[in-house]
Amino acid sequence: MRRVVIVGYGMAGARLADEIRRRDKEMHVTVVGDEQHAAYNRVLLSTVVAGTMTPESVSLHDEQWAHDHGIDLRLGTTVRSIDRKARTITIDDEEIPYDALVLATGSKPWVPPTEGLLDPDGTMAPGVVAFRSLDDCARIVEKAGPGMPVAVLGGGLLGIEAARGLAGRGCLVTVVHPVGHLMERQLDAGAGRVLARTLGTLGIEFRLGVLATKYLAGDGLALDDGSHVPAELVVVSAGVRADTRLAEEAGLTIDRGIVVDDALRTSDPRIHAIGDCAQHPGTVSGLVQPAWDQASVLADRLTGSAPGSRYKGTSVITRLKARDVDLAALGDVHVDVDCPESEVLCFTDPVRGRYAKLVLRDDKVTGAILLGAPDAAATITQLYDRGQPAPTDRLALLLGRALPGEAASPADLPASAVVCRCNTVSKGQIVSAWRAGAETVSALAEVTRATTGCGGCKDAVCGLVDWLEASQPRSA
Amino acid sequence: MTVTGQRVLPGPGGLCQKGWTSAQLLNTPGRLTTPLIHGEPASWDEALDFVATKIKEYEPDQVAVFGGGGLTNEKAYLLGKFARVALKTSQIDYNGRFCMSSAAAAGNKAFGLDRGMPFPLADLRNADAVLLAGSNPAETMPPFMKHLTNAQLIVVDPRRTATAEMAALHLQPAPGTDLALALGLLHTAFINSAIDKQYVHERTTGFDAAWRVAAAWWPERVERVTGVSVQDQRAAVELLRGNAFILSGRGTEQHASGTDTVSAWINLALALGLPGRKYSGYGCLTGQGNGQGGREHGQKADQLPGYRKIDDPAAREHIKQVWGVDDLPGPGRSAYELLDALGQDIKTLLVFGSNPVVSAPRAKHITKRLESLDLLVVADFVLSETAAMADVVFPVTQWAEEDGTMTNLEGRIQRRTKALSAPEGVRSDLELINGLATRLGQPEERFPTEPEDVFTELRRASQGGAADYSGITYARLETEELHWPVPSEDHPGTPRLFLDRFAHPDGKARFVAVDHRGPAEPPDDEFPLYATTGRVLQHYQSGAQTRRIQELNQAVPEAFVEIHPDTAHRAGLEAGGTAKVVSRRGEMQAKVRCVSSMRPDVVFLPFHFPGDGRANVLTNPALDPTSRMPEFKVCAVRLEPA
């Protein structure tokens, strides 16, 4: 029987094992994970920091999972090496043979070269924590208390989510970011400014365009403009790097990550890579959706249920998960409003924390930033995902839903307008009945049946009666 | 005769146009008053002899019965007995399979018992919030809306329906994504601390497994799949704190994942601690006149009277004893599978109270199947599209012309009292069944023709079952409001189920871990739009009755398609023009209505119309694995100028 060995029990590796089992109950599957716990949902770590979820509630599998699904699961285990010739991997003192090997080793936090962040042995200095794993979150939650000054290194998506979570716990948070505006990969400068302003109202301070040069435990960070940020805790969220150690040692082709083709094969066709450690031209790493899409394709292929299945990339939508801040960004947003090749709409309302930018080509959305515009975010991400043309009413599009029609006054309604839907009674019929002597709502109900169904038109009929009384001569 | 809405319980009184005009149906010009054999008038004896003689030529399972959710309890009961005792066939199912079967299956899984609303309708008036998932009662059941005037209303519907217009919050998911939305609301309830942990601990099992699925549906992911904004998901959960009801309708149930979708809504209700608490809960809104009672007494392929399971040995023994027979057939095919087998294993079909030519999914194919039968027999009071195809048609009584009982959406048994004599030549379905059964060699007394006699037997048959009617008499129904179960004549009935315990042996409700799958036929380049079907206020089901009433037909005379103006424009269509709507299974024509609140990727089609306007020509018969419900509510289509 074919043996599949998955290295990595994170969101990609766990998903692949589930997808394989959904298609094939028999295949021999081994999963090796270096953390001690069951796989967990990394996307939800910011909610653990924010305190709205417990570590248990973010786990993807229960303790019975491996047993129930016939998976050979090795927790707390590091793979030492891959022997491509013998087709084995080595863990501890054991060699595990494979027919297909999948690397789902994820990524490691990148620590900026600020003096003092790392101890001489390469581990984090006291008071410094990365924001990457469940254990990191446990350390952050354990240390962070109300009123405590905390510095977050990095103003990208995850840094902001961590900062928001910590501010929600009552910490005094300062975000230190080397670029002039937040989330510069996904946002233009205007959006970055509005975002910083909104987060400022939630108690977060920012030091933008400056580098942290030195960390002193118990004191804080020295910045390259000569200023100082007090911090009893420093959370490092300055980006990640694909974990390619095993692949590199095994001689596979590496660029920023392990290079894979549309079949998710590395340069050795028996070895595959998915998730953050993989580099596919159609996607950027660091998000879960590409990893899950890849797991599905690879399961199709490894189980033979759809051998022709190919991964063609995932369109990326960045969605900030931070309470009271609604931000979506997608596609190419670094386009000027007066760019001749594109249609660009922009709306700025910094006081209310709103910023919307929409880039269209040939009527289709190619980029968008939607901050404080939740309805529009929902609508526009669907248009983008499905490649649908945008509605011609661009203003309605920025609002996210069709503009409500003005409530017509009784005078303006055409005679044919249906007032009581339950009984198909028009304004004209009500006017005629009124003129014929039915001058109250109950008399009109008697004659026309209007208001006797769901009752929803009662206000409209009252309005008509008032209008008729005010404007028309009464019947004799 | 006239009809007024003064004494329509449990409502405060009220009718829609269908109710006001219902008396016109009693002497509609197309009223059938004589049996037809191959379109020619015949006497009852001739027609009954013809059918009985023909049936005797076949093996039992070559003869099938297709019933309806509009039949009285007495007819539904006797029809099931007729199939299993006189025809000895396992092949009986009914159009209720296309109606509430997904909700019924999910209700049974979660609570151990399915009663549409396990609480009185009037309880809705005491709720702080009501969430309607896939239901448009402002058009389909207008007087119902009067119960919703106190509550904050949340409507889940891809369309901005008349009901959505009245809502405090309208969630407008892409068709076929309700399950993801329900998972997302559970997730949001969790992170917003809206879960009733004590209730979950004391009254339920299985939360952890259900949560692990919902944990993967964080609000931003749900937004991307459904199109419902994160903000609106939060707003919905906030509204549902306190006394709240979650009610499901066909929009969320008529999917190949319908059972799981309802399970996801029930999971949400359980997590919020709603079911089994006064003025809170989960319920399913009935789709047909007797949708509830119609599914309790044995016209369903897998059931025996009293909501008993046909494969339960004790249930079989009880029913055999009541019926005085030695053997009973086992479970048969579900509705679509039964219709799909016509002309193959099944040679003869008897249809009661149903019009599958218009109402079945993939209707063109089903029409061909009906054509391939050796014998099609239809009992109806007008020449419906299905009756028009039949070899033999029996003219039967309608609502005001017969006694009987119906069980309403809250599980309350209501008397239907005969007000008029039927026209000459018309007989009741009970007389028809009796006429056939006796010709097939059954003793006269086994198939009573008086509704009260049938009901008396039904009481015994249902005794000890889930839907126990044994304590109900016609006399009691004159003065009492009785919700089943009513296990004895001194029992007051059960308006509220589950207050102390759920119907599983351990007394606890069960979370069912379900995940989102998406529609069976997602849109693609060739068929880029979602089509969803539904009803309009003026018409009922296949329209066979309402299209014959002038006022109703004038209001909505023909099929139409609702589309966003931009979508119409891109397809080269104009408001008021005619569109051709095409799916993989066929095409139909419909007048274009431009509606700016439509999602640009969705078209809506009412399913009441025959011929070129038959929306069910398009629909997808992909079936739910548990309930065998077809996927009426989403299929992929394209639009062309006609």
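Analyst: Strands (E, at least two residues) and helices (H or I, at least four) are DSSP runs, numbered from the N terminus. The model is predicted: local features need pLDDT of at least 70, side-chain atom pairs pLDDT 80 or more, while totals for chains, interfaces and linings use all residues. Residues count from 1 along each chain as written, chains are lettered from A and ligands numbered from 1 in written order, and side-chain values use heavy atoms, without hydrogens or water.

B:N620 sits in strand β25 of chain B, residues 620-623. B:N620 is buried because its relative accessibility is 10% (buried is under 20%, exposed over 50%, partly exposed in between; 1.4 Å probe, protein chains only). A polar atom of its side chain lies 3.1 Å from the backbone nitrogen of B:A622. Beyond four places in sequence, B:N620 contacts (heavy atoms within 4.5 Å) B:P361, B:A520, B:E521, B:R585, B:P630, B:E631, B:F632, B:V634 and B:C635.

Now the helices. In chain B, the axes of α4 (residues 101-111) and α13 (residues 258-271) come within 8 Å and cross at roughly 45°. So α4(B) is oblique to α13(B) (roughly parallel is under 35 degrees, roughly antiparallel over 145, roughly perpendicular 65 to 115, oblique the rest). Residues meeting there include B:A103 and B:F111 in α4(B), and B:V262 and B:L270 in α13(B).

α3 (residues 73-86) and α20 (residues 451-462) of chain B have axes within 9 Å, crossing at roughly 70°. Therefore α3(B) is roughly perpendicular to α20(B). Among the residues that meet are B:Y77 and B:L78 in α3(B), and B:F455 and B:L458 in α20(B).

Technical notes
Axes fitted to C-alpha atoms, helices over the stretch in contact; angles between N-to-C directions. Polar contact = N/O pair within 3.5 Å; in protein donor to acceptor, adjacent residues only side chain to side chain.
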